[in-house]
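Subject: Structure handover and findings

Hello,

Here is the structure for your files. My notes on it follow below.

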Amino acid sequence: MQEKPAPAVPKRRSNTQRSEEMRARLMAVGREIFVEKGFAGAGTPEIVKRAEVTRGALYHHFADKTDLFRAIVKAETDQLREDIAARTADVADPSESLLVGTKAYFASMNVAGRCQLLLVDGPAVLGPSEMSVLHEEGGRSTLLNGITRAQPDLPFAEAEALAVSLSAAYDRAAFAISEGEEEEPYVKALMALVLTAMTA
């Protein structure tokens, strides 16, 4: 009679894996509560309770509620950049890439809670300067890349200033769309604005 193989012993997670999972859980739960209640209405007792962790675990990973919020907003801006980059990666024509990137931006910003986190609570909690840095590393970097691809002879300082100026229009449009406005008129308006600004 053939012997049954010994049952596989589940691999133990490393301390690093457990730490990463704990951090991810706190960020996921924190995001839910920040979106539901806003930054001011969110409390750390509710966050740790819903995440089923101790307060010590929260403060091991984040200095305070603001630090947790900052990490969540950074993750949102990173995801926005990745979403746009993924959609535009295989688009060879620079003008078409700007159009695809514009639509990708609106699609990514339409993720539930993202406009609130990045355009409403983020500036109020972290301040305009810190949010500007996060946007520079996020969606604005893809806009700057699109502008420099479409206008390679444009001095970088001008391209950067154009990206900063246009990103404000993109953000305002994203907020309007999140409030129920139709997307297509904003896509057309922004593309006209971008193309005019680059050829002025």
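Helices here are DSSP runs of H or I with at least four residues, numbered from the N terminus. By that rule, Ile84 sits in helix 4.

Two remarks on the basis. This is a predicted model, so local features need pLDDT of at least 70 and side-chain atom pairs count only at pLDDT 80 or more, while totals for chains, interfaces and linings use all residues. Residues are numbered from 1 along each chain as its sequence is written, and side-chain values use heavy atoms, with hydrogens and water left out.

**Helix 4**

Back to Ile84. Its relative accessibility is 5%, which counts as buried. The C-alpha atoms of Ile84 and Lys103 are separated by 8.6 Å. These two are 19 residues apart along the chain.

Lys65 is also in helix 4. Which side chain of opposite charge is nearest to Lys65? It is Asp64, 9.3 Å away. Lys65 is buried yet has no salt bridge. For charge, Lys and Arg count as positive, Asp and Glu as negative, and His and the chain ends are not counted. A salt bridge is a side-chain nitrogen of Lys or Arg within 4 Å of a carboxyl oxygen of Asp or Glu. What Lys65 does have is a backbone oxygen at 2.7 Å from a polar atom of its side chain; that oxygen belongs to Ala42.

**Salt bridges**

The structure holds 11 of them.

Glu32 pairs with Arg50, with the closest N and O atoms 3.5 Å apart. Glu32 lies in helix 1 (residues 15-41) and Arg50 in helix 2 (residues 44-51), so this bridge ties together parts that are 18 residues apart in sequence. Both ends are partly exposed: Glu32 has a relative accessible area of 40%, and Arg50 is at 33%.

Glu130 and Arg70 meet at 2.5 Å, N to O. Glu130 lies in helix 7 and Arg70 in helix 4, so the pair ties together parts that are 60 residues apart in sequence. Glu130 is partly exposed at 26%. Arg70 is partly exposed at 29%.

Arg81 bridges to Asp78, with the closest N and O atoms 3.2 Å apart. This one stays inside helix 4: the two residues are three apart, about one turn of the helix. Arg81 is partly exposed at 26%, whereas Asp78 is buried at 17%.

There is also a network. Glu32, Glu36, Lys37, Glu46 and Arg50 are joined by salt bridges that share partners.

**Largest pocket**

How much space lies in the largest pocket? About 540 Å³. The search ran on a 1 Å grid over the protein atoms alone; a pocket is an open set of points where a 1.4 Å probe fits, with protein on both sides within 12 Å along at least five of seven lines, and lining residues have an atom within 4 Å of a point. Points are joined across faces, edges and corners, and the volume is the space filled by probe spheres set on them.

The lining has 32 residues, and the closest to the pocket centre are Tyr105, Gly139, Arg140, Leu143 and Ser167. Elements giving two or more residues to the lining are helix 4 (65-88), helix 5 (94-109), helix 6 (114-126), helix 7 (128-137), helix 8 (139-150) and helix 9 (156-178). Helix 8 gives the largest share, eight residues. By type, the lining divides into 17 nonpolar, 12 polar and three charged residues. Nonpolar here means Ala, Val, Leu, Ile, Met, Phe, Trp, Tyr, Cys and Pro; charged means Asp, Glu, Lys and Arg; the others, Gly among them, are polar.

**Other sites**

Ser108 is in helix 5. Ser108 is buried, at 2%. Its side chain makes a polar contact with the side chain of Arg114 at 2.7 Å. Such a contact is a pair of N or O atoms within 3.5 Å; within protein, one must be able to donate a hydrogen and the other to accept it, and residues adjacent in sequence count only if both atoms are side-chain atoms.

Glu52 has a positive phi of about 60° although it is not a glycine. Glu52 is in the loop between helix 2 and helix 3 (55-61), and is exposed at 69%.

Best regards

Methods
Buried means under 20% relative accessible area, exposed over 50%, partly exposed in between (1.4 Å probe, protein chains only).
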